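Please prepare a briefing on how the parts of the following model meet, both between its chains and within one of them.

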Protein chains: 2
Amino acid sequence: MADIQVRRNKKVVQKCYLSGPVKESDLEVVVSDTVQLALPPGSTAVIVKNLYISIDPWNFSMKKDASTSPLSVITGYGVAKVVVSRYKDFRAGDLVLGITGWEEYSLISDPNSLIKINYPDLPLSYYTGILGMPGMTAYIGFYEICAPKKGEFVFVSAASGAVGQLVGQFAKLTGCYVVGSASSDEKVNLLKEKFGFDDAFNYKKEQDLNAALERCFPEGIDIYFENVGGAMLDAVLLNMRHSGRIAACGMISQYNLEKHEGVHNLLNIITRKLRMEGFFVSDHFSKYRKFEEMVARHLKSGKITYVEDIAEGLESAPTAFVGLFKGKNVGKQLVVIARE
Amino acid sequence: MADIQVRRNKKVVQKCYLSGPVKESDLEVVVSDTVQLALPPGSTAVIVKNLYISIDPWNFSMKKDASTSPLSVITGYGVAKVVVSRYKDFRAGDLVLGITGWEEYSLISDPNSLIKINYPDLPLSYYTGILGMPGMTAYIGFYEICAPKKGEFVFVSAASGAVGQLVGQFAKLTGCYVVGSASSDEKVNLLKEKFGFDDAFNYKKEQDLNAALERCFPEGIDIYFENVGGAMLDAVLLNMRHSGRIAACGMISQYNLEKHEGVHNLLNIITRKLRMEGFFVSDHFSKYRKFEEMVARHLKSGKITYVEDIAEGLESAPTAFVGLFKGKNVGKQLVVIARE
């Protein structure tokens with residue numbers, strides 16, 4: 001067959017079952033045997049060349065599962081170019097978004113899960129973040145789970161991250177008052193100066209999270225977009241208003257703990273009739289095109305802005321990943337494997 | 001005026017601001033000055049003679065509020081007879097349900113909050129429980145908050161209480177599998193033999209709540225009707241199925257603690273896309289007649305049954321109230337002040 005090509009395939013693998021906080025040495029960049037860029041007749045798979053991979057906290061939490069084989073390639077969302085296709089909806093050259101591997105080339109055996117990119121005129125890397133699953137997560141979590149109303153008070157933790165920065169901007173577009181927390185003064189400035197948050201604070205500099213929230217929300221919080229968990233959630237529960245909503249999106253402060261911190265103020269869910277709700281963005285894929293169109297339009301008009309933290313090359317993935325849990329990234333963390 | 005009568009008015013008062021677990025000596029039965037059974041012209045109030053009062057855990061939690069004066073009468077839901085009315089919708093002799101005082105006679109300055117009793121042929125005391133706010137709480141919490149489907153797995157804690165016993169019977173009427181927990185073997189028997197729960201366990205005899213739930217729900221829990229909080233909630237979170245719902249109704253295990261227990265497994269709200277939601281039954285009063293008709297019909301046909309724990313006389317109220325936190329009551333705890 002004319003399209004048979006052979007390539008090496010560099011990849012990031014997990015070296016062992018993880019116990020305790022993830023370390024760079026838990027991951028390894030290896031060059032596997034060569035990979036054939038070909039598919040047998042009758043296959044409905046595609047082979048993609050990975051361009052950008054999204055570095056997300058849950059890449060780790062997935063890997064805590066003992067059912068995952070050691071030395072398997074890390075998986076997660078990425079932007080890729082189709083190089084070989086036996087699937088009706090794709091052909092070579094198509095740009096797609098979906099679950100792929102942290103490697104140069106991936107075989108996607110269920111191409112139905114891939115989404116074709118509609119706005120290649122915007123930076124392709126945006127599809128790992130603001131136009132990809134983090135963006136969809138912000139969109140579903142804020143609009144569907146929180147059901148925001150104009151004038152409401154919104155708090156976003158880990159607010160400079162891929163999801164948080166967009167939640168804050170959605171809140172402003174809705175006419176809400178929005179405050180974010182982040183892990184450095186640099187990020188706090190970014191929230192206020194670049195993303196238009198009404199206020200922001202560096203939680204590492206606050207002695208008392210409850211006092212910080214009381215200062216930022218003298219009238220209380222209607223909507224909390226939860227990205228961190230633990231002590232922050234406990235403090236937020238003390239400051240929620242009646243009928244408040246908490247979109248439970250992530251709890252990054254807890255993933256690396258052997259035993260998760262106790263949350264003590266759940267009685268407020270009853271006394272203030274709160275709703276706390278988790279969600280899977282994958283249940284809402286039918287709304288992707290609506291989301292993509294809205295965000296692309298606002299990006300082009302400048303009503304929404306976006307900050308990325310781009311690491312170069314697969315070799316940088318372990319450092320980028322571990323840095324995520326230390327709050328080292330400023331904006332959406334991603335790794336570029338190839339630009340085209 | 002012909003209807004001026006003078007009566008003594010025995011009442012239960014709170015002697016001091018509460019700190020720590022409530023004790024019988026925190027409450028006192030006193031005979032106040034006499035009360036005039038008359039209202040001035042222009043008033044829109046009513047005076048009621050209290051018949052049955054509902055003993056609820058939240059009578060206590062309300063009184064923790066420092067804005068409540070010491071020595072004020074305890075308030076809560078009760079069944080009463082109107083003796084003097086200046087309100088258009090009521091006249092002397094009407095039987096009503098609503099917020100009243102733990103005393104022989106009460107002045108109700110906002111009679112709009114009272115509900116007229118439609119089924120005086122059923123035991124009047126039922127209107128403190130299964131036909132009153134505990135019943136409405138079960139109805140709203142189960143049908144509105146939990147949105148149950150036939151075949152789902154339902155767990156109810158404090159299941160022999162006023163709310164729990166009805167939630168279990170609603171679950172059976174819906175075609176669910178329902179398990180309850182309670183604090184004694186006697187109550188466990190009641191759940192299985194009288195209320196038709198599929199299974200039940202005495203949580204005091206379980207070394208490991210998680211193991212008890214795994215045993216009762218090998219396929220997991222879709223709906224948890226939360227009445228206790230703390231360690232039970234933590235164990236339930238480990239056993240919830242994807243898209244499960246938790247109606248946060250009460251956390252009786254926590255009310256008497258200076259610092260509430262930490263709940264460690266909230267990450268499962270995210271990883272299993274759970275919804276946990278509090279509610280105020282008072283937001284749903286518009287549905288009261290629909291609820292009353294349904295439950296009265298099922299009571300008359302024998303499809304729903306009910307167990308009360310009736311204490312005689314206002315003097316018994318402090319003991320009955322404190323007993324609630326020790327799980328001493330079997331069925332709905334109430335106090336009869338007068339039978340007519």
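This is a predicted model: local features need pLDDT of at least 70, side-chain atom pairs count only at pLDDT 80 or more; totals for chains, interfaces and linings use all residues.

**How the two copies meet**

Residues are numbered from 1 along each chain as its sequence is written, chains are lettered from A in the order in which they are written, and side-chain values use heavy atoms, with hydrogens and water left out.

**Symmetry**

- Chain A is superposed on chain B by a rotation of 180° with 0.0 Å of shift along its axis, at an RMSD of 0.0 Å (least squares on the C-alpha atoms of residues with pLDDT of at least 70 in both copies).
- That is the relation of a two-fold axis, and in chain A the C-alpha nearest the axis belongs to Gly262(A), 1.9 Å from it.

**Interface of chain A and chain B**

- The contact takes 28 residues from chain A and 28 residues from chain B.
- Between them the two chains bury about 2400 Å², 68% of it on carbon and sulfur atoms, where buried area is the accessible area (1.4 Å probe) that two parts lose on being put together, summed over both.
- The rule finds two salt bridges across this interface (a side-chain nitrogen of Lys or Arg within 4 Å of a carboxyl oxygen of Asp or Glu), and the side chains of Asp283(B) and Lys273(A) meet in a salt bridge at 2.4 Å, N to O.
- On the side of chain A that touches chain B, the elements that give two or more residues are strand E12 (240-248), helix H7 (267-271) and strand E13 (275-278); helices (H or I, at least four residues) and strands (E, at least two) are DSSP runs, numbered from the N terminus.

**Domains within chain A**

- An automatic or database domain assignment gives domain 1 (6-129 + 307-336) and domain 2 (133-281) of chain A, and their C-alpha centres lie 29 Å apart.
- Their contact takes 23 residues from domain 1 and 18 residues from domain 2 of chain A.
- Domain 1 and domain 2 of chain A bury about 1500 Å² between them, 61% of it on carbon and sulfur atoms; in domain 1, Val307(A), Phe325(A) and Val330(A) lose the most area to domain 2, together 30% of what that side buries.
- Across this domain interface the rule finds zero salt bridges.

Definitions and conventions
Contact means heavy atoms within 4.5 Å.
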